[in-house]
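Visitor: I would like to learn how to read the features of a helical model, one at a time. Please give the general idea, then the case at hand.

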Amino acid sequence: VRRHGAEAAESELQQALADADAGVRLQAIELTANPALLGQGLQDSDAMVRQLAKAKLDELVH
C-alpha cells in the first residue's frame, strides 16, 4: 500500500478487513481513505476499528 497506493491494494485491504485479528483490520483502516472500506470498518466488532473508521470518515467529510 505504501509503495503503490491504497487504490492498487484495495482488494488486499478488503481481505484484511475480514481478518480474524483486530490489529490487521485496524491497519487496513489506517491505510485506506476509501469511504466504502471505512464504512465497513464502522460495522466492525472491535471498538478501536470502529472509532478509527469513524474518525477517518469524519475527516473526509470535513
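Visitor: Is Asp58 buried, partly exposed or exposed?

Guide: Buried means under 20% relative accessible area, exposed over 50%, and partly exposed in between, with a 1.4 Å probe and protein chains only. At 34% relative accessibility, Asp58 counts as partly exposed. Before going on: this is a predicted model, in which local features need pLDDT of at least 70 and side-chain atom pairs count only at pLDDT 80 or more, while totals for chains, interfaces and linings use all residues. Residues are numbered from 1 along each chain as its sequence is written, and side-chain values use heavy atoms, with hydrogens and water left out.

Visitor: Which elements does the protein chain have?

Guide: Helices (H or I, at least four residues) and strands (E, at least two) are DSSP runs, numbered from the N terminus. The protein chain has four helices and zero strands, in the order α-α-α-α from the N terminus. Of its 62 residues, 29% count as buried.

Visitor: How many salt bridges does the structure hold?

Guide: A salt bridge is a side-chain nitrogen of Lys or Arg within 4 Å of a carboxyl oxygen of Asp or Glu. The structure holds two. One joins Lys54 to Asp58, at 3.0 Å from N to O. Both residues lie in helix α4, four residues apart, about one turn of the helix. Lys54, at 47% relative accessibility, is partly exposed.

Visitor: Which residue forms a salt bridge with Arg25?

Guide: Asp44 does, with the closest N and O atoms 2.6 Å apart. This pair links distant parts of the chain: Arg25 is in helix α2 (residues 22-31), and Asp44 is in the loop between α3 (35-42) and α4 (47-61), 19 residues apart. Arg25 counts as buried at 7% relative accessibility, and Asp44 is buried with a relative accessible area of 11%.

Visitor: Which residues of α2 are buried?

Guide: Arg25, Ala28 and Ile29 are buried in α2. For their placement, take the arc of the directions from the helix axis to the C-beta atoms. Seen down the axis of α2, the buried residues fall within an arc of 100°, so they line one face of the helix. Those residues pack against α1 (10-16), α3 and α4, where contact means heavy atoms within 4.5 Å.

Visitor: Where do the buried residues of α4 lie around its axis?

Guide: The buried residues of α4 are Val49, Ala53, Lys56 and Leu57. They cover an arc of only 100° around the axis, which puts them on the same side of α4. On the other side, Met48, Gln51 and Glu59 are exposed. What covers the buried residues of α4 includes α2 and α3.

Visitor: What caps the N-terminal end of α2?

Guide: Such cases are read as polar contacts: a pair of N or O atoms within 3.5 Å; within protein, one must be able to donate a hydrogen and the other to accept it, and residues adjacent in sequence count only if both atoms are side-chain atoms. Asp21 caps α2, with a side-chain oxygen 2.7 Å from the backbone nitrogen of Gly23. At the start of α4, a side-chain oxygen of Asp46 reaches to within 3.0 Å of the backbone nitrogen of Met48. In the loop between α2 and α3 is Asn34, whose side chain reaches the backbone nitrogen of Ala36 at 2.7 Å.
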